[in-house]
Amino acid sequence: MTTTALITGASSGIGAIYADRLAARGYNLLLVARRADRLSALAADLHQRYGVQVETLIADLSQSADIARVETVLRENADIDFLVNNAGAANMASFLSSSAEEHEAIHTLNTTALMRLTLAALPRFVENDRGAIINIASVLAFHARADSALYSATKAWVLNFTRGLQEEFADSHVRIQAVLPAATATEIWGHSGVTLDMLPEGSVMTTENLVDAALTGFDQGELVTVPPVEDLQLWHNFDEARLALYSASRNGKPASRYTL
């Protein structure tokens with residue numbers, strides 16, 4: 001059976017390593033990114049090394065028209081059964097230092113494009129009762145700080161969106177994973193306003209280690225993978241606290257601290 005993986009943001013960094021690792025597993029590839037020269041070079045290299053078919057699609061996923069072109073491919077290409085929603089951007093600076101248009105471009109790329117591509121792929125995956133979607137979020141999904149308000153919010157959106165889909169399709173054989181990298185050595189830092197040498201020594205993971213860990217988590221059936229966290233109980237504690245807080249809110253009356 002022919003299977004193809006579509007990977008967004010595939011011209012470098014995490015997306016390029018996913019392309020390499022999935023090609024090594026025998027997947028044909030459809031690589032989506034803005035930079036044609038890099039995509040062409042990567043496609044030629046992967047085809048030569050692994051013998052898989054590699055196609056490219058030049059698209060800027062902060063633009064609705066380009067999102068629509070990728071949606072069409074996802075709907076019409078029945079060989080695609082693996083989607084890696086990796087494309088994303090960050091601007092680690094004061095919220096007031098960027099325009100509404102700049103913020104909207106990041107928001108569209110990180111959330112709207114991911115949602116629309118997922119919606120384009122899922123109906124066929126569900127109908128066939130197979131397929132996989134990997135959504136790249138971030139550990140900033142559960143940590144907002146100064147200069148990351150927008151980015152943290154978009155990644156929290158990705159995490160909650162993915163968790164909701166996991167619940168909705170829990171009885172199917174469609175696999176949906178959220179991956180939460182911490183600081184990873186990718187080109188996103190060159191565009192974000194923060195450079196790698198500004199981060200604490202030893203805190204940055206290589207893209208190779210990140211993707212290899214994430215795919216191992218995928219193989220092990222993890223729904224949420226946080227590659228740098230050694231103590232998995234920390235995630236379980238966080239998730240249990242989240243559910244406890246939600247349950248505690250369902251009593252229909254104000255807390256005593258709000259009553260006179």
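This is a predicted model: local features need pLDDT of at least 70, side-chain atom pairs count only at pLDDT 80 or more; totals for chains, interfaces and linings use all residues.
**View 1. The salt bridge between arginine 49 and aspartate 20.** The side chains of arginine 49 and aspartate 20 meet in a salt bridge with an N to O distance of 2.6 Å. This pair links distant parts of the chain, since arginine 49 is in helix 2 (residues 36-50) and aspartate 20 is in helix 1 (residues 13-24), 29 residues apart. Arginine 49 is partly exposed, with a relative accessible area of 44%, while aspartate 20 is buried, with a value of 10%. Both residues also take part in a network of salt bridges that links Asp20, Arg21, Asp45, Arg49 and Asp212.

**View 2. The salt bridge between arginine 25 and aspartate 219.** Here the side chains of arginine 25 and aspartate 219 meet in a salt bridge at 2.9 Å, N to O. Arginine 25 lies in the loop between helix 1 and strand 2 (28-33) and aspartate 219 lies in helix 7 (residues 207-219), so the pair ties together parts of the structure that are 194 residues apart in sequence. Arginine 25 has a relative accessibility of 43% and so counts as partly exposed. The salt bridges in the model come to a count of 11.

Terms used
Residues are numbered from 1 along each chain as its sequence is written. Side-chain values use heavy atoms; hydrogens and water are left out. A salt bridge is a side-chain nitrogen of Lys or Arg within 4 Å of a carboxyl oxygen of Asp or Glu. Helices (H or I, at least four residues) and strands (E, at least two) are DSSP runs, numbered from the N terminus. Buried means under 20% relative accessible area, exposed over 50%, partly exposed in between (1.4 Å probe, protein chains only).
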